[in-house]
Amino acid sequence: MLHQMISAGFGGQGVLLLGQLLAYSGMNEGKNVSWLPSYGPEMRGGTANCTVIISDEEIGSPVVVDADCVVAMNRPSLDKYENNVAPGGKLFINSSLIDQKAKRTDIEVYYIPCNEIADQLGNSRVANIVMLGAYLKKTGVVKPETLIKCLEEKLGKKKAHLIPMNEEALKKGAECVD
Amino acid sequence: MAKKLMKGSEAIAEAAIQAGCRYFFGYPITPQNEVPEYMSRRMPQVDGCFLQAESEVAAINMVYGAAGAGARVMTSSSSPGISLKQEGISYIACAELPCVVVNIVRTGPGLGGIQPSQGDYFQATKGGGHGDYHLVVLAPSSIQEAADMVMEAFDIADMYRNPVMILGDGMIGQMMEPVEFHQPPKREIPEKTWAATGWDGTRERAIINSLYIEPEVMQVVSDRLQKRYELIKQNETRVEEYKMEDAEYCIAAYGTTARVAKSAVNKAREMGIKAGIIRPKTVWPFPSEAFCKAADQVKGFLTVEMSAGQMVEDVRLAVNGKKPVEFYGVMGGFLPTPNAILEKLIQLKEGK
């Protein structure tokens with residue numbers, strides 16, 4: 001199994017965390033993983049992206065060119081990475097912030113209103129988790145339970161009260177693409 | 001200890017702590033800022049000292065001082081910063097002091113850019129500062145290996161009283177991979193009787209110095225250093241061979257480039273091209289013997305680097321004209337792609 005993905009959006013949307021949670025979960029399911037952020041003159045409010053590879057085999061280049069999946073949380077990310085989806089791959093679009101449709105016809109495209117769902121849940125910051133819910137539903141790359149466990153570890157005891165909301169966000173995201 | 005997902009820079013810093021490093025002096029520069037950031041948080045927890053110096057020159061001279069007092073000490077920087085540290089590194093080498101210097105290489109020359117590069121190979125392996133000296137230079141190709149190498153680097157430095165460099169690149173610094181911390185194999189490390197820890201009248205005074213005006217004395221120091229380098233060559237040369245048993249074509253690559261090359265070799269094998277990799281894990285001492293031996297087996301070599309061609313010179317010296325040694329380099333801060341390396345392998349096979 002080899003899963004290569006790109007997660008992109010505005011700084012602050014949690015696109016790096018989205019990738020980290022995937023990598024973390026992959027590791028905890030016994031896979032080889034790598035997570036590579038774009039680093040450059042980026043700043044808060046600018047664009048951010050990361051690439052994640054989850055594989056049974058040793059990982060060669062951590063750079064992803066032909067992605068199995070791309071997550072675009074904002075419009076510049078869609079413009080930049082739509083062409084990086086390998087033919088037959090999947091593109092996940094945050095339709096709350098992106099009003100245009102994908103141009104590609106050789107890939108599967110999913111539209112998820114991440115921010116709206118997150119707002120309904122009472123916290124706009126879980127938009128990335130809503131996206132992950134849809135992502136896991138369609139890719140099955142890691143189990144949602146593993147991901148929640150990783151989130152528990154990452155948040156620690158002090159923020160444990162946020163777990164139910166994140167679980168709900170994952171569920172709502174998944175329902176979106178059912 | 002369970003595996004943790006860590007950034008390379010953070011794994012390097014934690015490995016140093018686990019190896020007993022209690023002094024870190026540095027100055028910020030991308031792409032290794034997570035090393036000092038991590039150290040600034042972690043050092044106070046272990047009663048160590050993190051100090052952000054006023055410059056790279058100050059930082060390396062603080063390392064000189066701490067090393068002279070027998071402490072396990074580290075500094076880290078990236079290419080332009082490492083250039084600034086060269087005078088101090090040369091002094092430390094001459095004063096025969098152990099320390100660890102991390103270089104997370106970015107593009108150059110000049111201030112260059114902040115993306116990954118292997119353009120500091122010459123500087124790391126052929127001197128860097130002035131005079132006849134060598135650093136032991138370890139080149140990790142994964143986050144796990146970076147952690148392992150840092151931990152062993154302190155032992156190697158203490159064992160030979162010589163500075164050790166970790167030669168990474170922006171990719172190693174920024175990437176996250178699973179990592180576990182293991183203590184390296186136990187070594188007999190001599191007591192630091194030479195350290196300047198205060199004179200109590202019962203032993204010879206410890207003098208930390210790199211100035212030898214008398215030619216006869218300088219000659220003795222130089223001979224001693226050179227003998228030590230020979231010993232390091234015998235004992236510490238490390239290399240990894242990948243699918244070399246029946247290889248007809250050999251890729252020479254180190255660090256990040258070597259892992260990309262692995263993907264290329266696997267693709268080549270699927271196409272029926274018998275390719276393998278020789279990956280120097282120590283770029284100084286350089287594993288010349290492995291290449292020399294392979295020259296009797298393979299039809300040709302392809303050196304791949306993120307540079308204009310630096311390690312390729314050492315490969316050619318080792319192969320000594322027995323077989324062609326081609327070069328493929330990528331610059332500017334890009335990684336070579338597996339497909340591009342594969343194409344070069346096919347060209348090598350077809351004799352183009």
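In this predicted model, helix H4 of chain A passes helix H6 of chain A in a right-handed crossing, where right-handed means that the near helix is turned clockwise from the far one by less than a right angle, and left-handed that it is turned anticlockwise. Helices here are DSSP runs of H or I with at least four residues and strands are runs of E with at least two, numbered from the N terminus.

Two packed helices are described by the angle between their axes and the distance between the axes. H4(A), residues 127–139, and H6(A), residues 163–176, pack at an angle of about 50°, with their axes 6 Å apart; that makes H4(A) oblique to H6(A). Axes are lines fitted to C-alpha atoms, for helices over the stretch in contact, with angles from 0 to 180 degrees between N-to-C directions; angles under 35 degrees count as roughly parallel, over 145 as roughly antiparallel, 65 to 115 as roughly perpendicular, and the rest as oblique. Among the residues that make this contact are Ile129(A), Met131(A) and Leu136(A) of H4(A), together with Ala169(A), Leu170(A) and Cys176(A) of H6(A), a contact being a pair of residues whose C-beta atoms, placed from the backbone, lie within 7 Å. By class, the contact of H4(A) with H6(A) has ten nonpolar, three polar and three charged residues, where Ala, Val, Leu, Ile, Met, Phe, Trp, Tyr, Cys and Pro count as nonpolar, Asp, Glu, Lys and Arg as charged, and the others, Gly among them, as polar.

Residues are numbered from 1 along each chain as its sequence is written, and chains are lettered from A and ligands numbered from 1 in the order in which they are written. As the model is predicted, local features need pLDDT of at least 70 and side-chain atom pairs count only at pLDDT 80 or more, while totals for chains, interfaces and linings use all residues.

The two chains can be described in turn. Chain A has six helices and six strands, and its C-alpha trace spans about 40 × 40 × 35 Å along its principal axes. Chain B has 13 helices and 14 strands, and its C-alpha trace spans about 70 × 45 × 40 Å. Of the 352 residues of chain B, 54% count as buried, and of the 178 residues in chain A, 48% are buried; a residue is buried if 20 or more other C-beta atoms, placed from the backbone, lie within 10 Å of its own, exposed if 12 or fewer, and partly exposed in between.

In chain B, ten of the eleven residues of helix H1 (residues 8–18) are buried, so this helix is largely enclosed by the rest of the structure. Just after H1(B), Gly20(B) takes a positive phi of about 95°.

Finally, the contact between the chains takes 17 residues from chain B and 17 residues from chain A. On the side of chain B that touches chain A, helix H10 (255–270) is one of the elements that give two or more residues, and H10(B) gives the most, with four residues.

Methods
Contact = placed C-beta atoms within 7 Å.
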